[in-house]
Amino acid sequence: MKKKYGMKKLEDLPLTSITFLTSEANETGEWRSQRPVIDPGKCNLCGLCWMYCPDMAIGAEGEFFTIVDKYCKGCGICAQECPQGAISLIVEER
Amino acid sequence: MMYSGHTACPGCGAALAMRYVFKALGPDTMVVIPPSCAGTIAGAFPSSSLKIPTLRISFETAAISASGIRAALDVMGKKDIQVLAWAGDGGTLDIGIQALSAAAERNDNILYVCYDNEAYMNTGIQRSSATPEGAWTTTTPVPFTKDTPKKDIVRIMAAHKIPYIATASVGFPPDLIKKVQKAKEVVGTKFILVFSPCPTGWRYSSEMTIHIAKLATEAGIFPLYEVENGDKYRLNRRGWKAESLKEYFSLQGRYRSLKEQDIDRAKERVAKEWDYLLRLAE
Amino acid sequence: MKKVISANQAVSQAVRAARTQVIAAYPITPQSTIVEMLASFCAQGDLQAKFINVESEHSAMAACIAAASVGARTFTATSSQGLALMHEMLHYASGLRFPIVMANVNRALGSPFNLKADLSDSLSQRDTGWLQFYCESGQEVFDTIIQSFKISEQVLLPVMVNLEGFILSHTYEIVDIPEQDRIDAFLPRPAERPILDVEDPMMMGATTDLYINFRYKMHQAMEEAKAVCQKVDGEFRAVFGRGYDLIQTYRCAGADIILVTAGTIAGTCRVVADRLAAQGLKVGVLKIKLFRPFPQEQLRRALADVKKIAVIDRDFSPGCGGILAQELKSALLGSKPDISVHEFIAGLGGKDVTDDDISWIVEQAMKAREPGGIKWIGLLE
C-alpha cells in the first residue's frame with residue numbers, strides 16, 4: 001500500500017472499500033472440533049495431504065509435513081486421503 | 001496465491017478450486033468476483049485472502065467485467081497480465097449467462113472459470129440451473145426436488161466456438177492445473193468448469209470432498225474433457241463405472257430421497273451423455 | 001474549428017478529443033448515432049480506444065466500471081430504458097468512486113412506449129451518486145463532456161451529461177471544436193487514484209460494516225464537487241472563452257417572476273421573457289445546469305429577491321410531482337418564507353413546449369394568489 005490506511009478514524013479509511021490487510025490474522029484453527037495428527041513413521045512424504053488442504057494448513061518443517069495449528073479447520077480431508085493411513089483425527093481438546 | 005485464514009467452510013471444494021487455479025495463473029493476474037462463496041472467501045474489508053488484485057462486482061457481470069479490464073489493460077499496453085473471471089454456477093449459468101454468452105461471442109481474451117457447487121450455496125443452498133436432477137435444495141425441498149437435468153453449460157459454450165473449453169475437478173488437481181496452464185497460452189475466450197463439492201450444501205461429512213469429486217468422474221456423472229474451437233472434443237478419461245454412481249448418491253444427504261428407479265434413470269442419462277460425447281470425440 | 005453537427009455528434013467529438021480509452025455501449029434511440037460515430041472513429045484510428053460492443057446497457061456500465069478499475073478513461077452513452085437497466089451499476093460506479101463519463105439522451109421511460117424528450121429518465125436516477133448536468137445546445141454538450149472528464153477525475157465520482165432526445169440529439173447547430181492540443185492541455189492525464197495493480201495487490205469493493213463511513217465520504221465528495229465544477233468551468237472559460245456556471249440567470253434582476261427549468265425549455269423561456277419585457281412584464285429565466293449535487297446556495301442567492309417562481313418540469317415523479325420543483329422547494333426551505341412556487345409539468349414524451357405555453361405559464365402564475373396544485377400543460381380536454 002502506498003498510502004497508510006487504518007480503521008480507527010474516518011480520515012484513515014480509504015475512499016471506498018479497498019483492502020489493506022490480509023486474512024492471515026484470522027485464526028481459523030479456532031473453528032475445529034477435531035484435529036489431524038500425522039504419524040511420521042507411516043508418512044512417505046507423498047505430499048497429497050499438503051495438496052488437498054483447502055486452507056493451506058499443512059506445511060513442511062525440515063523433512064516432515066506438519067499441521068499448521070493456527071489455520072487447520074479440522075475438515076479431515078488429509079486423514080481421508082492419506083494413502084498410507086498416516087493421519088488420524090483426534091478430538092480437539094481446547 | 002491465497003492466504004490461510006479465509007472463511008470457507010471446512011472441506012470446501014470451491015476454496016480448493018481457487019487455490020489450484022490461482023496457483024496455476026501466478027501473480028500477473030487480475031480477478032473479478034461476483035457475489036458468491038468465492039466472494040465471501042475472498043474476505044471482508046479490510047482484509048483479503050487473495051494475493052492478486054481483485055474487483056468485487058455485481059452478480060451478473062463477471063464476464064463483462066473481465067472483458068472491461070482486458071480492454072483497458074490492452075489499451076494501456078499491459079498485455080502480459082491475465083484477466084480471470086471467477087464465478088459460481090449461479091453467477092454463470094443463471095444470472096450471468098447473458099454477459100458470458102456475449103463475451104464468448106466477441107471472443108474476448110479472458111479466462112472464465114466457473115466453480116460448480118451445484119446451487120446458490122453462499123445464500124443458503126438454493127437451487128440453480130446447475131443443480132442436478134433429484135437433488136434437494138432449500139428451494140427444491142422434498143418431494144419437489146429438482147425435476148430437470150443440470151444445464152449443460154459446456155455444450156452452450158461450445159456452440160459459441162470459443163478456442164478452449166475444459167471440464168476439471170478438484171479431485172484431479174494436476175489435470176486442472178494443466179488445463180489452466182494450457183488456457184493461459186490461448187488468446188480468446190477460455191472457459192473452465194471446475195467440479196467443486198460442497199459439504200455444507202450436499203450434506204456430506206467434510207473429509208469426503210476429494211473422494212466425492214473423484215467418484216463423480218469415475219461414475220461418469222462429471223466427465224473430464226476439453227473442447228477446442230467448439231468442435232474438437234478430447235476426452236481426458238474414457239469409461240465410467242455404473243456401480244460408482246450408487247456410492248456417489250449414497251454419500252450425499254441431498255440425494256436421500258432418490259429411489260431405485262431414480263438411480264436407474266440417472267444411469268440411463270449418464271449413458272446417453274457418454275454416447276453423445278464419444279460420438280463427438282471421434 | 002466550427003462545424004455544423006448534431007448534439008450527438010458533438011458528444012462523439014468530445015469523447016474523441018478527450019482521448020477516451022475504453023468505450024462500451026449499446027444502441028438505443030435516440031443515442032445510437034453517438035456510438036455509431038465513436039465506433040467509426042475507433043475503426044479509422046481517429047480514436048485510439050477499445051470499443052466493446054456489449055449485449056445490454058447493464059453490461060455497458062459494468063464494462064466501464066471494470067475499465068476504470070485499472071485506470072482507463074472510459075465512456076458510455078444511453079437513454080431512458082437503457083439508463084433504467086443500468087440502474088444497479090450506476091450505484092456500483094459511484095460507490096467504487098470511479099471517474100466515468102456518460103452521455104444520457106433524455107427520453108421518456110415506457111410504458112407507454114415513447115422515444116422523445118423527457119427528463120424523467122435521468123432525474124429518477126438522482127439517488128445513484130452521479131453528478132448530473134443538463135445542457136441546452138450542441139456547444140454546451142461538447143464543452144460539458146470535456147469539463148466532465150476533468151471534474152470526474154478530480155472528485156472521483158462519475159458524471160452524467162444530459163441532452164434531450166431529438167430536440168438536441170438530432171438537431172444540427174454550429175459547434176466550435178477547439179484544436180486538439182488545447183484540449184490536451186486542458187485535460188492532462190488524471191492524477192493517481194487507487195486502482196488494481198499487480199505490483200500492489202488489493203481487493204476493491206469488499207463487504208464492509210463500515211459502509212456508513214464510505215457513504216459519508218461520498219457525501220463529502222459531493223459537497224466539494226460544487227466548487228470543483230465551478231473551478232473547472234472557470235478554467236475552461238479562461239482557455240476557450242466559454243463558460244456555463246452551475247446555474248444560468250437571464251433577466252433575473254428585479255424580476256416579478258422567475259421561470260426555473262432545465263434543458264432546452266430554458267431557451268424558449270428566454271424568447272418569451274424578451275417579448276414580455278417589451279410589454280412591461282419583468283420575467284426572469286433561471287436554468288439549472290448542475291442538478292447533482294443540487295446547487296442550493298447558488299439558487300438561494302439567485303432567487304433571493306423574487307416573490308414568485310414558476311418551475312417548469314419536463315419530468316414527473318408519480319405521487320410526488322415535478323422533480324425540479326420538489327428539489328427546489330426543499331432547497332429553499334428556511335430561506336425564503338414568502339416566495340410562492342408555482343409548479344408546471346410540460347413536454348413529457350417529447351410534447352413540444354411552445355412560446356405560447358410559456359406565456360400561459362407566466363399568466364397563470366402571475367394571476368394566482370396561491371400556488372395551488374401542479375398544472376399540466378397540453379392535456380386533452
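## Where C meets A

This is a predicted model, and in it 20 residues of chain C are in contact with 13 residues of chain A. Put together, the two chains bury about 1500 Å² between them, and carbon and sulfur atoms account for 64% of that area. On the chain C side, the residues that lose the most area to chain A are Asp200(C), Phe214(C) and Lys217(C). Together that trio makes up 33% of what the chain C side buries.

## Polar bits and charges

How many salt bridges are there between chain C and chain A? The count is zero. Polar contacts do turn up, though: six residue pairs across the interface of chain C and chain A qualify, with both partners at pLDDT 80 or more.

## What chain C brings along

Two elements of chain C, β9 (203–204) and α9 (211–240), each supply at least two residues of the side that touches chain A. The largest share comes from α9(C), with four residues.

Sorted by class, that side of chain C has ten nonpolar residues, plus five polar and five charged ones.

## A greasy spot on chain C

Which residues make the nonpolar surface patch of about 330 Å²? Val4(C), Tyr172(C) and Ile174(C) do. As for secondary structure, Tyr172(C) sits in strand β8 of chain C, which covers residues 172–176.

Key. Residues numbered from 1 in each chain as written. Chains lettered and ligands numbered in written order. Predicted model: local features only at pLDDT ≥ 70, side-chain atom pairs only at ≥ 80, totals over all residues. Heavy atoms only, no water. Contact = heavy atoms within 4.5 Å. Buried area = accessible area lost by both parts, 1.4 Å probe. Salt bridge = Lys/Arg side-chain N within 4 Å of Asp/Glu carboxyl O. Polar contact = N/O pair within 3.5 Å; in protein donor to acceptor, adjacent residues only side chain to side chain. Nonpolar A, V, L, I, M, F, W, Y, C, P; charged D, E, K, R; others polar. Patch = residues over 30% accessible without salt bridge, like charges linked within 9 Å, V, L, I, M, F, W, Y side chains within 5 Å. Areas by Shrake-Rupley, 256 points an atom, 1.4 Å probe, with all protein chains shown as cover.
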